[in-house]
Each structure stands twice: as C-alpha cells, then as structure tokens.
Amino acid sequence: MNTQDIEEIKVLLATPKKIAIIPHRNPDGDAMGSTLGLLNYLLQLNHDAKVIAPNDFPDFLKWLPKVETVGIHETETEASEAFINNADVIFTLDFNALHRTGNMETILAQSKALKIMIDHHQQPDDFAKYMFSDVSMSSTCEMVYHFLDKLDALDKVNAEIATCLYVGIMTDTGSFRFRSTTSTTHRIIANLIDKGADNTLIHNNVYDTNSYNRLQLLGCALSNLKVLPEHKTAYITLSQQELRDLDYKKGDTEGFVNYALSLDKTVLAAIFIEDKKQGIIKISLRSKGGFSVNEMSRAHFEGGGHTNAAGGKSDTSLESTVEKFISILPSYSKALNNE
Ligand code: 5GP
Ligand code: MN
C-alpha cells in the first residue's frame, strides 16, 4: 500500500459509508482483535460498520469491546448477506484468499464493494483494490495499528481499540515470543498500554479461563503425543470420541500443538483433530527456524499460513491422515535435520 493508496482511502473514509469487516472462518484472537479494533475506529467516524464472521468463535474472545454486535454468517445468513450486498466498502482482515471464509466466498467474490485487504499470510490472492499485505508482520492487529498510523489516526486509538489490537498481537505472537515479534511490536504494545489496554486483565481473560474439561482434554492430547526423533517431529491426535467425552467447546484445542513443538529437539509439530460433522481432519502445523510448514501444508494438506504456523485439512480418516503425514516426512528429512 503506497502513499497514493492511503490518500485515496483517507478520502473514501472522510464521509460516512456502509462498511463490512470480515475475518476468516474459525476466527482466532488476531482475526477478532483486528476486525473489532478497526470497527471501534470506524464507528468513531460515524460509518455504518459491522463485523461479519463466517462462523462462531471461542468464548475466550467474547468479552472484546463491541463483540456483541458481531454478525455470524452461518447462523444469521440473511441479515449478513443483506449487509454485505449493500456495503460500499469491505475490509478483509487476517486472510488473503476468499475461500478462507468458507460459505461466504461467493457473496464476497460477487460483491461490487471496494475491497481493502489487511493481512500477514504468505502468497496473497489478488481480490482487493487496496492490498496491505506484509508477511514480516507479527499479526494483522499490528498491521491495523500501522494502518491507523498511516491514516494519521493514532489520536483516535482509545482503550477499546487498544484492547482489541493488544489481544491479536498477544495471541499471534504466542505472548510476544515468536520470531515475528520485533522491537517495533513491543513499542506498539507499550503505546497500546498507554492508551488503556489492561495487559494483566487481557491475559487473564484469554488464557486463564480454562474449564476443567479443557484441562482434561489437554491431558488426553498429551497422552496421545507421539515422537519421531529421526525426523525431529512430534504429533498429537484427537478423535471425535475423545472430544465428545470431554465436552469439547470451540477454542478448547487452541495452543495444544505448541506442547508438541516445545519438546527438546523438535523442529516440526502437528495436531490432527477429527471433525465428523464437517467430514474432515483439521490439521495444525508448527515449526522452528527456517522449516516452512506453509509450504508443507500447501503441498499436502490443502492449506497454508506462515513459515512457522500453518493450517490445513484432510478428507480421509484420522488414521490414514497420520499415515500420510508420516509417509511424507522422509522427503523433508534433510530440511528437518538441518534445523
Ligand atoms: P491454526 O493451525 O492455528 O488453525 O492456523 C495457523 C495459521 O495458518 C494461522 O495464521 C491461520 O490463519 C493459517 N491457516 C489455518 N488454516 C489454513 C488454511 O486452511 N489455509 C491457509 N491458507 N491458511 C490457514
Ligand atoms: Mn493473524
């Protein structure tokens, strides 16, 4: 996004517009933090703005400022589509290919609204008039902060916006420890605290609201952990039965894969979660150093993401998905053992 783009967006946003703000399907902390952070800004400018999520999101995000106004396309399809069809502007945040919105793909692709993408994933599709895409960024929330800076709007960052953006930076950086965390990230976080983000409260709201069942599910995941030392790889499986037995709720498995990656000498970690309703195995891949799970997921699991964190899926059984995963490891042996 160049200076000319910014000037055009400033003119665009100078008069009230109808604006839809869209995160990806199964929105995470960065997707909800960035969309709600931007919403809280656009509402100050008197735009008719609304966040419309493809589907529901975890309870640990359901306290964010203005979260009660979020529309859910999966359950409020008619109202969501009416809003999108009448929108002048659509912001797409924290994803870079329209299929990542699931059933919203068609309505977004057909919409004549002016699209603005803000995203940090690799290999963006070309669907937006204005593209703010930067894979070096820790999070889309960090990018929204830079976006507001470019719009000369940092004076509009209040405690609500600061809280939303803090959440996404915190969750996407694994609480400020991943490689994408820079000194600039920390400077922005410091500014957000100055603007009113309560760091202790935010951390408690997101991470310290475990249910007893979630901890039991973590215990189950850890006892299913398998290690393949010759490939510096560790993986976890969770079957639908195990999820059912422990009363699985959306978001409960968030972060489980990091336990596999935390093993000494592990370079690649995976979690395979059976979803019988969708008929898929949801896969999360994580890595250390230069080993690209984005590349692995694109090549074998219909997904993508970042170098060190990617998602994907498989349409076969849990067992055969794991077999496939193990069978492709030898072709990555050199790369894994070089890390
Ligand atoms: P997670 O494993 O937490 O679902 O996702 C890890 C990262 O990969 C996130 O940045 C997420 O947005 C991205 N990601 C997850 N699933 C997919 C997918 O199916 N396709 C692509 N391109 N990215 C994904
Ligand atoms: Mn993100």
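**Exercise 1. Find how many residue pairs are in polar contact across the interface of domain 1 and domain 2.**

Step 1: Recall the term: a polar contact is a pair of N or O atoms within 3.5 Å; within protein, one must be able to donate a hydrogen and the other to accept it, and residues adjacent in sequence count only if both atoms are side-chain atoms.

Step 2: Apply the rule, which finds 11 residue pairs, both residues at pLDDT 80 or more.

Step 3: Look at the residues of domain 1 that touch domain 2: 3 are nonpolar, 6 polar and 5 charged. Here Ala, Val, Leu, Ile, Met, Phe, Trp, Tyr, Cys and Pro count as nonpolar, Asp, Glu, Lys and Arg as charged, and the others, Gly among them, as polar.

A note on the model: it is predicted, local features need pLDDT of at least 70, side-chain atom pairs count only at pLDDT 80 or more, and totals for chains, interfaces and linings use all residues. Residues are numbered from 1 along each chain as its sequence is written, chains are lettered from A and ligands numbered from 1 in the order in which they are written, and side-chain values use heavy atoms, leaving out hydrogens and water.

**Exercise 2. Work out which residues of domain 1 and domain 2 meet, by number.**

Step 1: Take the bounds from the automatic or database domain assignment: 3-207 for domain 1 and 212-337 for domain 2.

Step 2: Count contacts (heavy atoms within 4.5 Å): 14 residues of domain 1 touch 13 of domain 2.

**Exercise 3. Identify atoms that approach ligand 1.**

Step 1: Start with Arg286, whose side chain has an N or O atom 2.9 Å from an oxygen atom of ligand 1.

Step 2: Finish with Gly311, where a backbone N or O atom lies 3.3 Å from a ligand 1 oxygen.
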